Amino acid sequence: MQAASDAVPNLPHEPPDRTLEEVTSQFLAAERADAKQLRALRKELRPFRDTSLWVLLVELMEQDTAKHIRLLSFIRDHIARQPLRYLAVSRPSTGRSRQRRSPEVSVS
């Protein structure tokens, strides 16, 4: 049996891949269009909700589509953060840590 860590790919800390970004956007658009069509189909099937398996099948397809959208959104968001990660990984360290200034609070 294969270990779970071997089956799940790591997310790279490399420069952004524009091809991956474009393909992800295309898939997201297609999944969102599918979600819209499935909502419309579910509404058409309302009269048959107690007499047909079609309603259940459409509901399951909507859940799959929502899962796909969630996964693709995660990939899109990861790609959007890659330039920052890449800069942080590729930038040489100066040996000094930056301290954040906390906002001053005035008490009246």
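This is a predicted model: local features need pLDDT of at least 70, side-chain atom pairs count only at pLDDT 80 or more; totals for chains, interfaces and linings use all residues.

Trainee: What does the chain average in pLDDT?

Mentor: The average is 80, and 70% of the residues score at least 70. pLDDT is the predictor's confidence in each residue, from 0 to 100.

Trainee: Which helix has the highest confidence, and which the lowest?

Mentor: Helix α2 (residues 18-44) is highest, at a mean of 96. Helix α1 (residues 4-7) is lowest, at 68. Over residues 97-108 the pLDDT is below 50. Beyond near neighbours in sequence, that stretch has zero contacts in the model. A contact means heavy atoms within 4.5 Å. Helices here are DSSP runs of H or I, at least four residues, and strands are runs of E, at least two, numbered from the N terminus.

Trainee: Salt bridges next. How many does the structure hold?

Mentor: Four. Each needs a side-chain nitrogen of Lys or Arg within 4 Å of a carboxyl oxygen of Asp or Glu.

Trainee: Which one links distant parts of the chain?

Mentor: Arg 42 with Glu 62, at 2.8 Å, N to O. Arg 42 sits in helix α2 and Glu 62 in helix α3, 20 residues apart.

Trainee: Is Glu 62 buried or exposed?

Mentor: Buried, because its relative accessible area is 17%. Arg 42 is partly exposed, at 31%. Buried means under 20% relative accessible area, exposed over 50%, and partly exposed in between, with a 1.4 Å probe and protein chains only.

Trainee: And how far apart are Glu 21 and Arg 18 in helix α2?

Mentor: They are three residues apart, so about one helical turn separates them. Their side chains form a salt bridge at 2.0 Å, N to O. Glu 21 is partly exposed at 31%, and Arg 18 is partly exposed at 43%.

Trainee: What does Asp 77 pair with?

Mentor: Arg 76, with the closest N and O atoms 3.0 Å apart. Asp 77 is partly exposed at 31%, as is Arg 76 at 34%.

Trainee: Change of topic: where is Ser 73 found?

Mentor: In helix α3 (residues 54-90). Ser 73 counts as buried because its relative accessible area is 12%. A polar atom of its side chain lies 2.8 Å from the backbone oxygen of Ile 69.

Trainee: Which residues make the nonpolar surface patch?

Mentor: Leu 53, Trp 54, Leu 56, Leu 57 and Leu 60, about 520 Å² in all. Leu 56 lies in helix α3 and is partly exposed, at 41%. Patch residues have over 30% relative accessible area and no salt bridge; like charges are joined within 9 Å, nonpolar side chains (Val, Leu, Ile, Met, Phe, Trp, Tyr) within 5 Å. Areas come from the Shrake-Rupley method with a 1.4 Å probe; for residues, only the protein chains shown count as cover.

Trainee: Last one. What separates the C-alpha atoms of Arg 81 and Pro 16?

Mentor: 8.6 Å, with the two residues 65 apart along the chain. Arg 81 lies in helix α3.

Notes: Residues are numbered from 1 along each chain as its sequence is written. Side-chain values use heavy atoms; hydrogens and water are left out. A polar contact is a pair of N or O atoms within 3.5 Å; within protein, one must be able to donate a hydrogen and the other to accept it, and residues adjacent in sequence count only if both atoms are side-chain atoms.
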